[in-house]
Amino acid sequence: MSVRHLCAVVLLLAGVGVLALSAVALLVLPRPYARLHALSPAASLGTPLVVLAAAAETGPGRAALKLLFIALLSAAGGAVTTMALARAQLRADGAARRTGAVGRSPDHTPPPVRPPDSPSPSPPGGEGAAPGT
Amino acid sequence: MTAWQGAVLALLVGVLAPATAAVCRGTAHHRLAALSLTSTTATALLVALAQASARPSYTDVALLAAVLGPVGMLTFARCLPQGAEDTPGTDCPGPAERPPDGAGPPLGSAPLPGTDRSPGAGRPTAAGRLPGAGHPPGAGQPSDAEPPFDAGPSASDGGA
């Protein structure tokens with residue numbers, strides 16, 4: 001067993017371990033924003049480690065360069081994807097807070113910032129059908 | 001069994017199967033997160049499979065998955081339902097039904113669509129944009145120009 005093969009096996013074990021931990025975290029973590037912490041290491045650490053293991057096993061050459069490019073693409077794409085998912089979740093939280101549809105799904109619990117439309121929705125001149133009159 | 005074959009098996013059973021199971025349940029955002037993990041794992045799996053089976057051409061498929069996976073995820077994240085979670089009919093909003101606040105600005109600078117920026121002063125001009133609060137002062141019925149969405153429990157009853 002050469003040193004290169006040993007390095008490849010170590011990198012491969014680390015990568016598969018990170019990916020398995022991410023899968024477990026995706027199933028276990030309850031909140032949507034916590035689940036993003038499961039996605040990000042898988043894309044920016046797990047897959048690049050596996051691909052780097054393949055590059056170390058392949059040895060210097062064009063194939064290793066292609067594998068390094070795959071690792072780079074996976075890391076960059078994973079970061080961008082995680083940010084996009086977080087932004088979509090944030091947008092959905094904002095819309096749910098606006099419409100008052102909080103708590104419709106079990107794990108969708110945005111922080112209770114303020115109830116919708118309770119702080120001064122009515123202008124001083126009287127708004128809508130006055131309920132007392 | 002070599003280390004690469006063991007890695008392929010571990011990725012298939014230990015990562016891809018739970019992630020695929022997570023794709024099939026939960027809310028839309030949960031499913032999309034699981035789909036992202038599935039795409040990431042597929043790239044690693046294809047690379048490991050190329051090493052395990054000594055077929056370097058599988059690496060090209062992994063390269064394609066690494067390129068197209070984030071693109072698909074970005075598209076799905078863009079087209080997620082914005083308002084009520086998991087409403088089956090609300091797919092990718094077209095340009096006409098997009099909320100006017102979040103339509104124009106580029107990625108990263110769009111404000112939240114529900115942040116009412118004009119609590120009291122801009123009330124007459126914001127009657128079209130804030131449907132539940134834009135009633136005429138004397139009428140109890142909403143105006144005809146209101147868009148159909150967002151007729152939730154807002155200030156339609158006068159707000160006490």
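Begin by selecting B:Ala28, which is buried, with a relative accessible area of 9% (buried means under 20% relative accessible area, exposed over 50% and partly exposed in between, with a 1.4 Å probe and protein chains only). This is a predicted model, in which local features need pLDDT of at least 70, side-chain atom pairs count only at pLDDT 80 or more, and totals for chains, interfaces and linings use all residues, while side-chain values use heavy atoms, without hydrogens and water. Residues are numbered from 1 along each chain as its sequence is written, and chains are lettered from A and ligands numbered from 1 in the order in which they are written.

B:Ala28 lies in helix 2 of chain B (helices are DSSP runs of H or I with at least four residues, strands are runs of E with at least two, and both are numbered from the N terminus).

Next, select helix 2 (residues 28–52) and helix 3 (residues 58–78) of chain B, which pack at an angle of about 175 degrees with their axes 8 Å apart; the axes are lines fitted to C-alpha atoms, for helices over the stretch in contact, and angles run from 0 to 180 degrees between N-to-C directions.

Finally, turn to chain A, whose secondary structure comes to three helices and zero strands, and select helix 3 (residues 62–99) there, which has 38 residues. After helix 3 of chain A comes A:Gly100, whose phi is positive, near 80 degrees.

Terms used:
The expected span of a helix is 1.5 Å times one less than its number of residues.
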